[in-house]
Amino acid sequence: MRRLLAIVALLGACHPAGPGAPPVTDPIPRPEDPASGRPDVHSFSRPQEVRATRIGLALDVRFDERTLAGTATIAVARHDEQAPLVLDTRDLAIQEVEAAALDARARDAPLAEAELAWRSTPWALGPVEPHLGRPLVIRLPPGADVVRVRYRSDPNASGLQWLEPGQTADGQEPFLYSQSQAIHARSWLPCQDSPGVRTSHDAVIHAPAPLRALMAADPDPSRTNAAAGRFAFTMAEPVPAYLIALAVGRVEFAELGPRTGVWAEPSVVANAAYEFSDVERMVRHVEQLYGPYRWGRYDVLVLPPAFPFGGMENPKLTFATPTIIAGDRSLVALIAHELAHSWSGNLVTNATWGDLWLNEGFTVYIERRILESLYGRDRADMEAVLGRQDLDDALAEMAPEDTRLRLELAGRDPDDGLSDVAYEKGALLLTALEHVYGRERFDPFLQSWFSTHAFGSVSTVQFEAFLKEHLTSRFEPLSGQQPVDLAAWLDQPGVPADAPKTRAVAFGRVDAAAGRFADGTERVHSLPTATWTPHEWLRFLRVLPKDIARERLAELDDQFHLTSSDNQEILAQWLEVAVLRGYTAVEPRLEKFLRTVGRRKFVLPLYRALLARGRREDARRIYAISRAGYHPITQHSLDAILGVG
Ligand code: BES
Ligand code: ZN
């Protein structure tokens, strides 16, 4: 009650149709996940009272100002007639808010440019909270069930990256893309930015010629006029705000299969199509395991190299880093991963960011099932061993309480909860369950998890109940297997001692070769590399001893030209190995790499390696040149690591 009064007071204090006066000090309560009773501590919105159901975006893309400007039209369901609509925002300039009632015609039509009897309505922005931005509180007149917010994004919006032509592959045109996960959608559209709130959406995007706008949605040709720079989209399936995505650039399309394709800059598209030629087959293999693909098309958009992630599972249109284009299809695990999210994450979504393992752990597990199904057990095992090593490295560094699967993130940035724990410990738990109950039981169990919760949001509490009901209390462990101690996996730090052991036969041979090479009993020419896949190379580099002589590294480089490797995964690993051991011949390549590539997985370890060698000044000098080209998320992490800003 007190909370409600605070919001009413906030609205009372503001101009009938303008920005609010002094903001309230009472915290605005958070949406609750009804299944677990745990609030989403990362959203101001109150969907139990007023819930957004549909969004229509009409936005102008202004490269000169680095802003998106226009309107977000939001239809709502009012469960509490007295309550205002509360939206999340971050650095948005709100200009005007209007309200209306949807008429019968508007109910089925796109919302983006809906012509309704719009009337100004009172609104106010609450105080800025660390990590979260500010609530936008909107009074809803009686009978109103749709609002239209006129706004502009900030040039430094955390969820957008505006690239200069020089930062693209072709170097001719600027590029814009969004990255909304985890809570950055609010920096480019006002929304209920909680993974527990799903809306359908439509959009009209105006972009300057010769650029094309793409969204993680279906294009709507009837409302598009590409020649006039107008691009329309609809997303009929309800999705959480973190999956709303936009990109604008000079891109072309290549078909991969009947429902799959790739978008990329003109000079990249042919290589991308070659690299991803297995994607159509991948979709079929996942469908066989976990049920139909529910999103129509599956396309991949290759972004410029500043993209801070390997990939982002935007529905219907995965966004991917160009650093997976290796020329030999060796890095397509990333596509398998993003595709797998079409089930784990996009179809069935973590209700809060503390449940991220339900998205990422499931996805890594499925990713490896896809690899096994397409390329065989050895390939999947190698990926699993590399993943286990990542997990062990993370566990060694992290605070124990952060190594639980079920996380408590109140007061923290959800991006800080992002670690290999959700991914690899999560996947390991599912592997443990698979081993104990067998695939005959476990595969249908997962399939029913997805079909039961399709287009819903789920908590760890729901997983516990579903697992008990449909697997662990229904079936006995296979002979010789012990039940899985679920509570230990979810709420204890580290990895239980009886976790499945991950082994890859090929790596035994690689480890032996690395040992012999390091201690001088095997010469560089006789290393058995002829048959090595990139995974074996990665393993080799990772197990080289810390104190290996620099001459050995020089021999490797002379023989295998690692410093000029075209495989960015191998290159990044090699650069890290070299920096950590003071092999300085890589320096020019290192600097060039850090100036052009913004993928955090590569960039963060390289800066950390420089610091570990006591080279803070070099790290800062390179960062000073490179920072402007990095995504706000990468900047944020590196500012902290390097003590800048
Ligand atoms: N959804 C994630 C990326 C993400 C997670 C962005 C959390 C923001 C917050 C994506 O599916 C992912 O996991 N990408 C990985 C690649 C994968 C193969 C492990 C990446 O970018 O490295
Ligand atoms: Zn993922």
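In helix α18, Arg616, Ala619, Arg620 and Tyr623 meet Gln635, Leu638, Asp639, Ile641 and Leu642 of helix α19. By class, this contact of α18 with α19 has five nonpolar, one polar and three charged residues. The model is a predicted one.

**Helices α18 and α19**

- Helix α18 spans residues 616-626, and helix α19 spans residues 632-642.
- Their axes come within 11 Å and cross at roughly 155 degrees.
- Angles over 145 degrees count as roughly antiparallel, so α18 and α19 are roughly antiparallel to each other.
- The crossing of α18 and α19 is left-handed.

**Helices α6 and α9**

- Helix α6 covers residues 356-375, while helix α9 covers residues 439-452.
- The axes of α6 and α9 come within 13 Å and cross at roughly 130 degrees.
- α6 and α9 are therefore oblique to each other.
- α6 passes α9 in a left-handed crossing.
- On the α6 side, the contact involves Leu358, Phe362, Tyr365, Ile366, Arg369 and Glu372.
- On the α9 side, these residues meet Arg439, Phe442, Asp443, Leu446, Trp449 and Phe450.
- The contact of α6 with α9 has eight nonpolar and four charged residues, but no polar ones.

**Ligand 1**

- There are 14 residues around ligand 1.
- Gln181, Gly310, Glu313, Glu338 and Tyr423 come nearest.
- Gln181 has a polar side-chain atom 2.7 Å from a nitrogen atom of ligand 1.
- Glu360 places a polar side-chain atom 3.0 Å from a nitrogen atom of ligand 1.
- For Tyr423, a polar side-chain atom lies 2.6 Å from an oxygen atom of ligand 1.

**Backbone features**

- Most peptide bonds are trans, and most residues other than glycine have a negative phi.
- Gln181, one of the residues that come nearest to ligand 1, is joined to Ala182 by a cis peptide bond.
- Omega of the bond between Gln181 and Ala182 is about 0 degrees.
- Ala182 sits in the loop between β10 (175-178) and β11 (198-206).
- A cis peptide bond also joins Ala209 and Pro210, with omega about 0 degrees.
- Pro210 is in the loop between β11 and β12 (212-215).
- Asp91 is not a glycine, yet its phi is positive, near 55 degrees.
- Asp91 lies in the loop between β3 (85-89) and β4 (93-100).

Note on methods: Residues are numbered from 1 along each chain as its sequence is written. Chains are lettered from A and ligands numbered from 1 in the order in which they are written. This is a predicted model: local features need pLDDT of at least 70, side-chain atom pairs count only at pLDDT 80 or more; totals for chains, interfaces and linings use all residues. Side-chain values use heavy atoms; hydrogens and water are left out. Axes are lines fitted to C-alpha atoms, for helices over the stretch in contact, and angles run from 0 to 180 degrees between N-to-C directions. Helices (H or I, at least four residues) and strands (E, at least two) are DSSP runs, numbered from the N terminus. Angles under 35 degrees count as roughly parallel, over 145 as roughly antiparallel, 65 to 115 as roughly perpendicular and the rest as oblique. A crossing is left-handed if the near helix is turned anticlockwise from the far one by less than a right angle, and right-handed if clockwise. Contact means heavy atoms within 4.5 Å. Ala, Val, Leu, Ile, Met, Phe, Trp, Tyr, Cys and Pro count as nonpolar, Asp, Glu, Lys and Arg as charged, and the others, Gly among them, as polar. A residue is near a molecule or strand if one of its heavy atoms lies within 4 Å of it. A polar contact is a pair of N or O atoms within 3.5 Å; within protein, one must be able to donate a hydrogen and the other to accept it, and residues adjacent in sequence count only if both atoms are side-chain atoms.
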